[in-house]
Amino acid sequence: MGSYEEARSLWERAGEALELARISLEEGMYRWTAFHAEQAVQLGIKATLAFLTGEYPKVHELSELLGVLADVTGDRRVRELAGELRDELKMLSDAYTAARYRVEFPYDSEEDARRFVETAERVLSTLGEVLREHGFEV
């Protein structure tokens with residue numbers, strides 16, 4: 001197994017980011033919902049990679065990160081998740097960038113924000129299952 005301490009830190013931050021995404025959604029701050037939902041997914045994937053391998057790629061594209069995790073684990077659930085959420089992950093990555101750098105935010109609706117939170121919840125739930133099966137306390 002990889003680095004438990006780093007994985008623990010990343011996993012806790014993923015949970016915090018998901019909670020901030022939920023709060024932002026409730027408050028109608030959809031730009032920040034996207035930002036925090038993306039961070040939750042990114043940190044969750046990196047936590048899983050850190051625990052299983054001791055390292056993770058220094059990239060931020062969610063589809064690429066989940067693909068790396070699918071290759072590393074060979075886990076059917078991760079591979080299916082990567083395929084099923086391909087469009088959502090690309091949209092979430094774009095929304096994250098837009099939230100940080102663009103004046104106009106093209107995902108400024110409750111529907112999009114809810115979709116981002118649901119995507120993050122689904123990814124973290126699946127990653128939590130994988131981590132538990134490998135002895136990580138979620």
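**Helix packing and core contacts in a predicted model**

Thr 48 lies in helix H2, where helices (H or I, at least four residues) are DSSP runs numbered from the N terminus. The structure is a predicted model, in which local features need pLDDT of at least 70 and side-chain atom pairs count only at pLDDT 80 or more, while totals for chains, interfaces and linings use all residues. Residues are numbered from 1 along each chain as its sequence is written, and side-chain values use heavy atoms, with hydrogens and water left out.

Thr 48 has a relative accessible area of 0% and is therefore buried; the term buried stands for under 20% relative accessible area, exposed for over 50%, and partly exposed for values in between (1.4 Å probe, protein chains only). With neighbours within four places in sequence set aside, Thr 48 is in contact with Trp 11, Leu 69, Leu 127, Val 130 and Leu 131, contact meaning heavy atoms within 4.5 Å.

Two further residues of H2 were examined. Ala 34 also belongs to helix H2 and counts as buried because its relative accessibility is 0%. Apart from neighbours within four places in sequence, the contacts of Ala 34 are Leu 92, Ala 95, Phe 105 and Phe 116. Ala 34 and Glu 129 are 95 residues apart along the chain, and their C-alpha atoms are separated by 24 Å. Val 41 is likewise found in helix H2, and with a relative accessible area of 0% this residue is buried. Residues up to four places away in sequence not being counted, Val 41 touches Leu 62, Leu 89, Leu 92, Ala 120 and Val 123. Between the C-alpha atoms of Val 41 and Gly 74, which are 33 residues apart along the chain, the separation is 19 Å.

Val 41 is also one of the residues that touch the most other members of the largest nonpolar core, the others being Ile 45, Leu 66, Leu 69 and Phe 116. A nonpolar core is a set of buried Ala, Val, Leu, Ile, Met, Phe, Trp, Tyr and Cys residues joined through side-chain atoms within 4.5 Å. This core holds 50 residues. Helices H1 (4-26), H2 (30-53), H3 (62-73), H4 (76-84), H5 and H6 each give two or more residues to the core. The largest share, 13 residues, comes from H2. Ile 45 touches Leu 62, Leu 65, Leu 66, Leu 69 and Leu 127, residues up to four places away in sequence not being counted.

Two packed helices are described by the angle between their axes and the distance between the axes. For H5 (residues 86-101) and H6 (residues 110-133), the packing angle is about 115° and the axes are 10 Å apart. Axes are lines fitted to C-alpha atoms, for helices over the stretch in contact, and angles run from 0 to 180 degrees between N-to-C directions. On the H5 side the contact is made by Glu 88, Leu 89, Met 91, Leu 92 and Ala 95, and on the H6 side by Asp 112, Arg 115, Phe 116, Thr 119 and Val 123. By class, the contact of H5 with H6 has six nonpolar, one polar and three charged residues; Ala, Val, Leu, Ile, Met, Phe, Trp, Tyr, Cys and Pro count as nonpolar, Asp, Glu, Lys and Arg as charged, and the others, Gly among them, as polar.

Neighbours within four places in sequence aside, Glu 88 is in contact with Arg 115 and Thr 119. Glu 88 and Arg 115 are 27 residues apart in sequence, and their C-alpha atoms are 8.0 Å apart in space.

In H4, the buried residues are Arg 77, Val 78, Leu 81 and Ala 82. Seen down the axis of H4, these buried residues fall within an arc of 135°, so they line one face of the helix; the arc is that of the directions from the helix axis to the C-beta atoms. The buried residues of H4 pack against H3, H5 and H6. Thr 126, found in helix H6, is in contact with Arg 77 and Leu 81, its neighbours within four places in sequence being left aside. Thr 126 is buried, as its relative accessible area is 12%.

His 134 lies in the segment after H6. With a relative accessible area of 35%, His 134 is partly exposed. The C-alpha atoms of His 134 and Asp 75 are separated by 12 Å, the two residues being 59 residues apart along the chain.
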